[in-house]
Amino acid sequence: MEVGQLIRVIREINDPVAAPIVKSLAERLQHLVDIGLDYLTLDRETDTLSGGESQRVKMVKHLSGSLVDVTYIFDEPSVGLHPRDVHRLNELLQKLRDKGNTVIVVEHDPDVIKVADHIVDVGPYAGSRGGTIVYEGSFQGLLEASTLTGTHMKRPHQLKHDCRQPSGKLSIKDATLHNLRNVSVDIPTGVLTVVTGVAGSGKSTLIHEVFLSQHPDAIVIDQSAVGVSTRSNPATYTGIMDDVRKAFASANKVNQGLFSFNSKGACENCQGLGVVYTDLAFLDSVKLPCEVCGGRRFKEEVLAYKLIGKSIADVLEMTVEQALEFFQQKEIVRKLQAMSDVGLNYITLGQPLSTLSGGECQRIKLASELHKKGSIYVMDEPTTGLHMSDIGHLLGIMNRLVDAGNTVREVRQQGQRREVGQRRHLYFL
């Protein structure tokens, strides 16, 4: 049974012997209803829940407990929530606080920020330009502050009024899967289309399972990891590294393989990892910087080869912004510019992909696909993990994609009400 149905059945039990159990069970089920999970059935396997649903189930578990004086840390709890449900999330967070607990929330959603008793704004920008407390205090004080967050909290959003005309359509016929019942819809091509709706309404099923099965040539850009290996980095993933190796080899008249830490140029002590793992038997292994290369991954003789005064290790330590100023080669600059366009100026070229956040993974995928034309792009909640100041930037990139002759489809439910209103308007392009 769905939670919303079950709670009514439970409350009809009047046996005095069962009263304490009924009270406890009804309270827990009501918490699930309050957080917007009344559509879940009790036999639903937990590994089929979305990230947002999983997080809310965990919240209900702790809210139903008897612990007090506990510190709870929530990392973007509004992820996956429809704007309708954000106030329910806020009520749960406040209930946890009112029980005598400390609640710390890492969040971008302005509706969650508004209900905070105390706000800490970190910045001023991302990456090496961040790491500073730029504001601390009340919400009203944040609105009066000149920080990026404060500025965008009070900035009105402009609706788009000039609408593109579709060039065709992509049809879905009689889709019946999970909670979809004979759904048919025509998706216009050559425009930016938004698929929105409350959590559990069937958006992901419609797009990820039905639409993609009928249009397998579509480019999917979601937040899944782009690589778990510490040997993969933004330079290798986007193809920049191939051009960088060519530039170094040409400037020094040597083999390209020397400038790869996975090949001839790798430090022999750490095999190009930059770290050495020490096995401590029944304890966790210890990771230490390589004593030979100092964590730079390359042989000493390779580091002696320079390109405009910089070694290959120096280049990998550059941020995208610094690399754009350093390189002149058109192909390298084009790929770096794509990363800059998606707001990744601050990441270094040699940063392991396994250390990127979900939002950063999604944007680096987008950067690697920006050059393609005549394609169908499917983006799954692309604003997740983005600050308000970056959302307009992302919309600009999407519009450029459409102008280049692509069709962009976006599956989305999280974010500001005004922003969703803007994107729903875009649906009717």
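Which residues do ring pairs link into a cluster? Select Phe248, Phe259 and Tyr305: ring pairs join these three.

Before going further, note that this is a predicted model, where local features need pLDDT of at least 70, side-chain atom pairs count only at pLDDT 80 or more, and totals for chains, interfaces and linings use all residues. Residues are numbered from 1 along each chain as its sequence is written, and side-chain values use heavy atoms, with hydrogens and water left out.

**Stop 1: the rings**

The structure holds 5 aromatic pairs. Rings of Phe, Tyr and Trp (its six-membered ring) pair if their centres lie within 6.5 Å; planes under 30 degrees apart are stacked, over 60 edge-to-face, and the rest tilted. Phe248 and Phe259 form a tilted pair, 5.2 Å centre to centre with 35 degrees between the planes. Phe248 is in helix α10 and Phe259 in the loop between α10 and β9 (275–278), 11 residues apart. Helices (H or I, at least four residues) and strands (E, at least two) are DSSP runs, numbered from the N terminus.

Now move to Tyr305. Its ring centre is 5.9 Å from that of Phe259 and the planes are at 70 degrees, so this pair is edge-to-face. Tyr305 sits in the loop between α11 (300–303) and α12 (312–316). Phe259 is buried at 0% relative accessibility, while Tyr305 is partly exposed at 26%. Buried means under 20% relative accessible area, exposed over 50%, and partly exposed in between (1.4 Å probe, protein chains only).

**Stop 2: helix α14**

Select residues 330–341, which make up helix α14. Its buried residues are Ile332, Lys335, Leu336, Ala338, Met339, Ser340 and Asp341. The elements covering them include α10 (240–252) and α15 (358–369). After α14 comes Gly343, with a positive phi near 85 degrees.

Next, pick Arg363 in helix α15. Arg363 is buried, with a relative accessible area of 7%. Not counting residues up to four places away in sequence, Arg363 touches Val342, Gly343, Leu344, Tyr346 and Leu386; contact means heavy atoms within 4.5 Å.

**Stop 3: helices α2 and α4**

Select residues 19–34 (α2) and 83–98 (α4), whose axes come within 9 Å and cross at roughly 135 degrees. The axes are lines fitted to C-alpha atoms, for helices over the stretch in contact, with angles from 0 to 180 degrees between N-to-C directions. His31, Val33 and Asp34 of α2 meet Arg88, Leu92 and Lys95 of α4.

Finish on Lys23, also in α2, which is exposed at 65% relative accessible area.

Definitions and conventions. Expected span 1.5 Å × (residues − 1).
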